[in-house]
Amino acid sequence: MIEVTQAPTSPFVRKVRIASAMKGLDDKVVYLDPEKDKERCANLRAANPLEKVPAARLEDGTLVFDSHVICEYLDTLSPTPRLFPAGGRERLETLTLGALADGIMDASILVVYEGRFRTPETWHQPWVDKQQAKVDTSVAFLESHISEWKGHPDYGHVSIACALGFLDLRQGGKWRKSSPKLVQWLDRFAAAVPAFAKTAPPS
Ligand SMILES: N[C@@H](CCC(=O)N[C@@H](CS)C(=O)NCC(=O)O)C(=O)O
């Protein structure tokens, strides 16, 4: 079995969950519950020097992280649907879309962490605003550069869907007001990938 550390609301873990479901690999991946599997989870988490989730221990004991790398590994384990194009422009587009999604998630997580890990008197609003501006600019970019899939969504689309899902969770879905095309895009994604609804974070 492949062991993956998880946190219930992590959009990065959600990427892995969706990828493994799309690849038909759910019976090969076990998600360590940080509450129930405290020790195994802590060990695997600590084995990642960045101490972030997700990290994965592969069948032969190899440790890999982060979400992109784990998804790319899962993609090698079954032939279809192909989540990462083999090469050329198509692969660059998928990776760039994935990087944009990761950037949205990183910036919005930093906004959450400002409130979680710093005391109110040390909150620095200009820095929070800078992170939020990255999120807002990226959402506006996506609204005007919607990336449709050919045949089936790939890793880039999965990543964008998880980023938007995280904004729904943490920012009350305010991105939706100014992004009607993106809202419809996410509905189409949810219809094409049932694992998106199945992996919805607890509210
Ligand atoms: N680039 C990483 C980001 C993972 C990440 O930021 N995970 C968050 C939870 S959603 C985390 O573990 N944060 C703990 C920390 O930053 O110390 C990935 O793609 O896996």
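Author: What follows is a short exchange on the overall fold and one tryptophan. Keep in mind that the model is predicted.

Reader: How many helices and strands does the protein chain have, and in which order do they run?

Author: The count is 8 helices and 4 strands. From the N terminus, the order is β-α-β-α-β-β-α-α-α-α-α-α.

Reader: How do you know whether the radius of gyration agrees with a compact globule?

Author: Set the value against the rule. For 203 residues, a compact globule would have a radius of gyration near 17 Å. The protein chain has 17 Å, so the two agree. Along the principal axes, the C-alpha atoms fill a box of roughly 45 × 45 × 30 Å.

Reader: What share of the residues counts as buried, and what share of the contacts joins residues 24 or more positions apart?

Author: Of the 203 residues, 33% count as buried. Among contacts with a separation of 6 or more, 71% are between residues 24 or more positions apart.

Reader: Why is Trp-175 called buried?

Author: The cut-off is 20 or more other C-beta atoms within 10 Å. Trp-175 has 24 C-beta neighbours inside 10 Å, so Trp-175 counts as buried. Trp-175 is in a loop, between α6 (155-171) and α7 (180-192).

Reader: Which residues does Trp-175 touch, leaving out those up to four places away in sequence?

Author: Val-139, Leu-164 and Leu-167.

Reader: How far is Trp-175 from Cys-71?

Author: They are 104 residues apart in sequence. In space, C-alpha to C-alpha, Trp-175 and Cys-71 are 26 Å apart.

Technical notes
Residues are numbered from 1 along each chain as its sequence is written. This is a predicted model: local features need pLDDT of at least 70, side-chain atom pairs count only at pLDDT 80 or more; totals for chains, interfaces and linings use all residues. Helices (H or I, at least four residues) and strands (E, at least two) are DSSP runs, numbered from the N terminus. The radius of gyration is taken over C-alpha atoms; the globule rule is 2.2 Å times the number of residues to the power 0.38. A residue is buried if 20 or more other C-beta atoms lie within 10 Å of its own, exposed if 12 or fewer, and partly exposed in between; C-beta atoms are placed from the backbone. Two residues are in contact if their C-beta atoms, placed from the backbone, lie within 7 Å.
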